[in-house]
Number of protein chains: 2
Amino acid sequence: MLTIEKTNSALVHLESFKNICGATNVFVDEDVLSAYASDETEDLHFLPDIVVKPGSAEEISEILKICNQYKIPVTPRGAGTGLSGGALPHLGGVLLSVERMNKILLVDERNLQVITEPGVITEVLQDAVKEKGLFYPPDPSSRGSCMIGGNIAENSGGPKAVKYGVVKDYVLNLQVVLPTGEIIWTGANVLKNATGYNLTQLMVGSEGTLGIVTKAVLKLLPLPKYDLLMLVPFSDAEKACAAVSAIFMAGFTPSAMEFMERDALEWVMRFVDNSIVAIEDDIQAHLLIEVDGNDVEVLMKEMEGIATIATGFDCGEILFAEDAQQKAELWKLRRRVGEAVKSHSIYKEEDTVVPRAELPVLLKGVKEIGKKYGFHSVCYGHAGDGNLHVNIIKGDLSDEQWNGSLKEGIREIFFLVKELGGTISGEHGIGLVQKEFLPIVFDDVQLRLMRSIKKIFDPNNILNAGKIFDL
Amino acid sequence: MLTIEKTNSALVHLESFKNICGATNVFVDEDVLSAYASDETEDLHFLPDIVVKPGSAEEISEILKICNQYKIPVTPRGAGTGLSGGALPHLGGVLLSVERMNKILLVDERNLQVITEPGVITEVLQDAVKEKGLFYPPDPSSRGSCMIGGNIAENSGGPKAVKYGVVKDYVLNLQVVLPTGEIIWTGANVLKNATGYNLTQLMVGSEGTLGIVTKAVLKLLPLPKYDLLMLVPFSDAEKACAAVSAIFMAGFTPSAMEFMERDALEWVMRFVDNSIVAIEDDIQAHLLIEVDGNDVEVLMKEMEGIATIATGFDCGEILFAEDAQQKAELWKLRRRVGEAVKSHSIYKEEDTVVPRAELPVLLKGVKEIGKKYGFHSVCYGHAGDGNLHVNIIKGDLSDEQWNGSLKEGIREIFFLVKELGGTISGEHGIGLVQKEFLPIVFDDVQLRLMRSIKKIFDPNNILNAGKIFDL
C-alpha cells in the first residue's frame with residue numbers, strides 16, 4: 001500500500017511557497033483555511049495547513065516539486081462547488097486554488113476554439129464566446145460560480161449534455177502540471193486526433209488526481225439562434241420518465257430534458273419565492289423540455305411533436321414559456337433545485353445514471369428501496385441522459401440510521417443502477433464520498449489498472465490522494 | 001528496454017490454439033499467412049507464423065494467456081484496411097483476426113444504442129441501424145470493408161466527423177480482453193460517466209496495443225431525413241481551403257466538407273471510369289459539401305448560404321446533386337480517391353491535421369516542401385476537420401531519394417503541422433510507419449507516460465508490440 005498520511009509538514013516550506021507565489025498569495029490564517037475547508041458536499045469540513053494561490057503553470061510546477069520531494073499532500077481546487085468531495089483537503093497539507101488563473105487567453109473565432117485558464121468561471125466563459133456568436137454548451141447548474149478547471153476535473157455535464165455532450169466532448173487539448181512538476185500538453189488543438197494514447201481524455205474526469213490543468217483548449221459551436229421551452233406536468237412520475245425515451249425514439253433531440261419530482265419543484269419555488277407554476281394536486285413530476293436551433297418554425301413543429309407524445313403519457317396542461325423572462329424564471333427553478341433541496345435538511349446526493357429508457361425502473365426502485373430503509377428521497381436531474389440525482393433527506397432519521405443502515409440502502413440503489421447497465425456517477429465524480437461504492441461497478445482488474453495509472457502520474461501519491469480510490 | 005523479438009515459438013503451441021478455437025480456425029498454410037501479411041499500408045508485408053480466428057472473448061482470453069506466458073507476439077486484426085501498419089505482424093507470431101466475431105448483438109431502439117462484436121463491417125452496422133431509423137455516423141472511406149473493431153482501435157473518422165464527431169464520440173462501453181487474459185468492461189452503457197478514470201477513451205485509438213475489443217456499446221442518433229450535396233470548384237486550392245473556415249465562421253455546420261486537389265479528382269474519375277464532372281482548365285481543387293437534417297427547406301437555405309460564401313472565394317460553377325444517384329456517384333469519387341491515387345504509383349500517405357483555419361497555410365507549406373525535396377503530392381481529405389491526407393507520389397524519385405531524403409521532407413511537413421497547432425495523425429493512427437515521427441509532437445515526458453501505460457496493460461509487451469512506439 002502506497003499511503004500518504006495527514007501531515008502538517010507543509011508549514012516547514014511556508015517561506016518557499018511565499019517565494020514562489022508571492023507572500024500575498026500564501027495563507028495560513030485560520031479564517032482563510034476555514035473558507036477552503038469545505039466544498040458543496042454534504043456537511044464535510046477538513047482544514048488544510050496552507051492555502052496557496054499560484055498564478056501560473058510554472059509556479060504550480062515549483063510548488064508540486066517541493067510537495068513531491070517531501071511527500072506533502074496537495075489538494076487542487078477550482079470554485080469548490082463539487083458534490084463528491086473532490087476538493088476537500090482531508091489530509092491537510094497544501095490547498096492549491098487556481099482561482100487567480102482566471103484569464104480567457106484567446107477566443108479563436110477562426111477555428112471555433114477558446115483557450116482558457118482553469119480559474120475562469122464557466123458562465124463568464126460562456127458569455128465571452130456568446131458575444132462572438134459562439135457557444136460553449138457544458139452548463140452545470142452552478143455555472144455562475146463553478147470554474148472550467150473543476151468542470152474538466154469532474155467531466156461535468158448539465159442540462160445541455162443531452163444534445164451537446166459533456167465537458168469531455170469539448171476538451172481538445174490540455175496543459176497540465178504533473179504531480180512530479182513536469183509541464184506537458186496532452187494533445188493538439190484539433191478536432192480529430194489518432195496520435196498516441198488519449199492523455200487528454202484520461203485527464204478529463206480524473207478529479208485532480210493525475211495533474212493540475214493550467215490551460216485548456218476547448219471546442220466551440222456556432223450559437224443556435226432560437227430556443228423554446230416548455231414545462232410538462234405528469235400525474236405519474238414513472239410515466240414522465242417513460243415519456244422521455246419515447247420522445248427520443250420518435251427522433252427528437254431536445255437541447256434539454258429535465259425531470260423534477262413534485263417535492264423538488266415545490267421546494268425550489270418556496271426557496272426562490274416564486275410561484276410561477278401552479279401545481280395541481282394530482283401532479284407528481286414535471287419535465288422541463290427545451291429545443292434549440294436556427295429556424296423558429298422548425299422548433300415550433302418540434303415542440304408540437306413533443307407535446308403530442310407527452311399527451312400519450314397522461315400529461316397535464318403544458319406551460320409554454322412566453323418570453324425570455326419566463327424562460328429565465330423556469331430555468332432558475334431548475335438550476336436552484338439542488339440548493340433548495342439541500343437547504344431543507346441534511347442530505348446525501350447520489351448521482352445515478354442509467355440508459356435513458358431504464359429511468360422509470362430506476363425511479364420505481366429508488367422509491368421501493370427508500371420504503372424498505374425508511375428514507376425519503378427527492379429526485380430530479382437530466383432525464384434525457386438517464387442521469388437522476390437522488391437526494392436522500394435526513395429528515396427524521398436518527399444519526400445511527402443516517403450513518404449506518406442508510407449505506408445499505410445506497411448500496412442497493414447502486415446495485416440496481418449497475419443491473420440496469422448504468423453506473424454510480426454521471427457527472428459529480430467519485431471524490432471522497434463515493435469511493436467506498438466504486439467496487440460495485442469495477443472489479444479488482446479495472447481498479448488495479450486505475451491505481452497503476454495513478455502511480456505512473458503520481459509516484460508519491462501526493463496529488464488529491466485518497467480521492468476516487470485509496471492506493 | 002522491454003523488447004519482444006521476432007520469434008516462431010508460436011508454432012510450439014499450435015495444438016493448444018486448435019483446442020481453443022477449433023482446428024478449422026487455426027491456419028499455418030502459406031497462402032493464408034500471406035493473405036494476412038499486409039494491410040493497406042504502402043507495400044509492406046510481414047508473414048505471421050500462425051493465423052487464429054477465435055469466436056469469443058473467452059477464446060481470445062485463452063490464446064492471450066498462452067502468448068503472455070511464453071512471450072509470443074500477437075497482432076490483432078480487423079479487416080486489414082489500416083493505413084499506418086497497425087495490423088502488420090512485423091514480429092511474426094500469432095495473427096489474431098476477429099473476423100468471425102461478426103454479430104450485431106442488439107440494436108437497442110429504446111436507448112439509441114447498438115451492441116456489436118468487433119468483426120462487423122462498418123457499413124453492415126450502419127445499414128442495420130438505418131433500417132430502424134437510426135444513425136451511426138463514423139464513416140471511413142473503407143466502410144464497405146473495414147470493421148468496427150479496427151475503427152475503434154484507430155479512432156477512425158470519415159466525412160461525417162465534421163458535424164458528428166469521430167469513433168470516440170460514439171463508444172460508450174467496451175468489453176476488452178487484456179493482454180494478460182482478463183476480460184473487463186471499461187465503463188457503462190450510459191451517455192455520461194464520471195466514475196473513475198476513462199478506460200473506455202484510453203482504449204479507443206490505442207491501436208490494439210492495450211487490449212482486444214470483443215464487444216462494443218455504441219451510441220446512435222436519429223437518422224436525419226434529408227441531405228443535399230454540392231461539388232464546388234475553385235481556381236485556387238488555397239482559396240478553397242480558406243472558404244472552409246469561412247463557412248463554419250458564418251455559423252454553418254455541414255455534415256461533410258471534403259477537399260480534393262485537381263489531380264485527386266481527375267485520377268479517381270479515370271479509376272472508376274466515370275467522368276460525371278467536367279473539370280475546367282483553370283480549376284485547381286474542389287470542395288464536396290453536404291448538409292443534412294429533417295427539414296428540406298432549411299437545408300436548401302443552408303446550401304444557398306454556403307454557395308454565397310464560396311462565391312467570395314472565386315469558385316467556379318457549382319454542381320448541385322440532383323438525385324440520389326448523382327449523390328452516390330459524387331460520393332463514390334470521394335470515397336475511392338485514396339485507392340485511385342494509390343493505384344497510380346508507390347506512395348506514402350501522411351494524415352496531417354491542423355486547426356481548420358490553418359488549412360491554407362498547411363497546403364501551401366506542403367507544396368513548398370515538395371518543391372524543395374523534389375516530390376509531387378496529391379492532397380485530399382476532411383477539410384472541415386482540418387484533416388488533410390497528403391499522398392506523396394514516388395513517381396520518378398529514385399529508391400535512394402524515396403527511402404532517404406524524403407523522410408526529411410516528411411519531417412518538415414510534420415514540424416509545420418505542429419507549429420500550426422496540429423498533429424501527425426487525425427484518423428489513421430501511428431502504427432508501424434509513423435512511430436519514428438511521434439517524438440516530433442510528444443517529448444520524453446508524454447512518451448514516458450504512454451509507455452508506462454502500455455506496461456501496465458501489457459507487462460510482457462506481447463500485444464501489437466512495436467506499434468505507436470517501441471518500449
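Predicted model: local features only at pLDDT ≥ 70, side-chain atom pairs only at ≥ 80, totals over all residues.

Me: How is chain A divided into domains?

Reply: Domain bounds come from an automatic or database domain assignment, and for chain A they give domain 1 (9–100), domain 2 (104–222), domain 3 (226–334) and domain 4 (345–440). Taken over C-alpha atoms, the centres of domain 1 and domain 3 of chain A are 42 Å apart.

Me: How much area do chain A and chain B bury between them?

Reply: The size of an interface is often given as the accessible area lost when the parts come together. Here buried area is the accessible area (1.4 Å probe) that two parts lose on being put together, summed over both, and for chain A and chain B the value is about 6300 Å², with 62% of it on carbon and sulfur atoms. Lys192(A), Thr195(A) and Tyr197(A) supply 15% of the area that chain A buries against chain B, more than any other three residues. If contact is taken as heavy atoms within 4.5 Å, 82 residues from chain A and 82 residues from chain B take part.

Me: How many salt bridges cross this interface?

Reply: Side chains of opposite charge can pair when their charged atoms come close. The rule asks for a side-chain nitrogen of Lys or Arg within 4 Å of a carboxyl oxygen of Asp or Glu, and it finds ten salt bridges across the interface of chain A and chain B. One of them pairs Glu182(B) with Arg448(A) at 3.3 Å, N to O. With helices (H or I, at least four residues) and strands (E, at least two) taken as DSSP runs numbered from the N terminus, α15(A) gives the largest share of the side of chain A that touches chain B, namely ten residues.

Me: Why does the salt bridge of Glu358(A) and Arg110(B) join two chains?

Reply: The closest N and O atoms of Glu358(A) and Arg110(B) are 3.2 Å apart. Glu358(A) lies in the loop between β16 (347–353) and α12 (359–373) of chain A, and Arg110(B) in the loop between β5 (104–108) and β6 (113–116) of chain B, so the pair joins two chains. By the burial classes (buried under 20% relative accessible area, exposed over 50%, partly exposed in between; 1.4 Å probe, protein chains only), Glu358(A) counts as buried at 14%, whereas Arg110(B) counts as partly exposed at 40%.

Me: Which parts does the salt bridge of Lys239(B) and Asp314(B) tie together?

Reply: Their closest N and O atoms are 2.6 Å apart. Lys239(B) sits in helix α8 (residues 237–249) of chain B and Asp314(B) in the loop between α10 (296–311) and β15 (319–320) of chain B, so the pair ties together parts that are 75 residues apart in sequence. Lys239(B) is partly exposed at 33%, and Asp314(B) is partly exposed at 40%. Over all chains the count comes to 54 salt bridges.

Me: Which residues of helix α9 of chain B are buried?

Reply: An α-helix has 3.6 residues a turn, so residues three or four places apart point the same way. In α9(B) (residues 262–272) the buried residues include Ala264(B), Leu265(B), Trp267(B) and Val268(B). Among the elements that cover the buried residues of α9(B) are β12 (226–234), β13 (256–261) and α11 (324–344) of chain B. Asp273(B), which follows α9(B), has a positive phi, near 55°.

Me: Is Glu290(B) buried or exposed?

Reply: Glu290(B), in strand β14 of chain B, is buried, with a relative accessible area of 3%. A polar contact (a pair of N or O atoms within 3.5 Å; within protein, one must be able to donate a hydrogen and the other to accept it, and residues adjacent in sequence count only if both atoms are side-chain atoms) joins the side chains of Glu290(B) and Lys160(B) at 2.7 Å.

Key
Residues numbered from 1 in each chain as written. Chains lettered and ligands numbered in written order. Heavy atoms only, no water.
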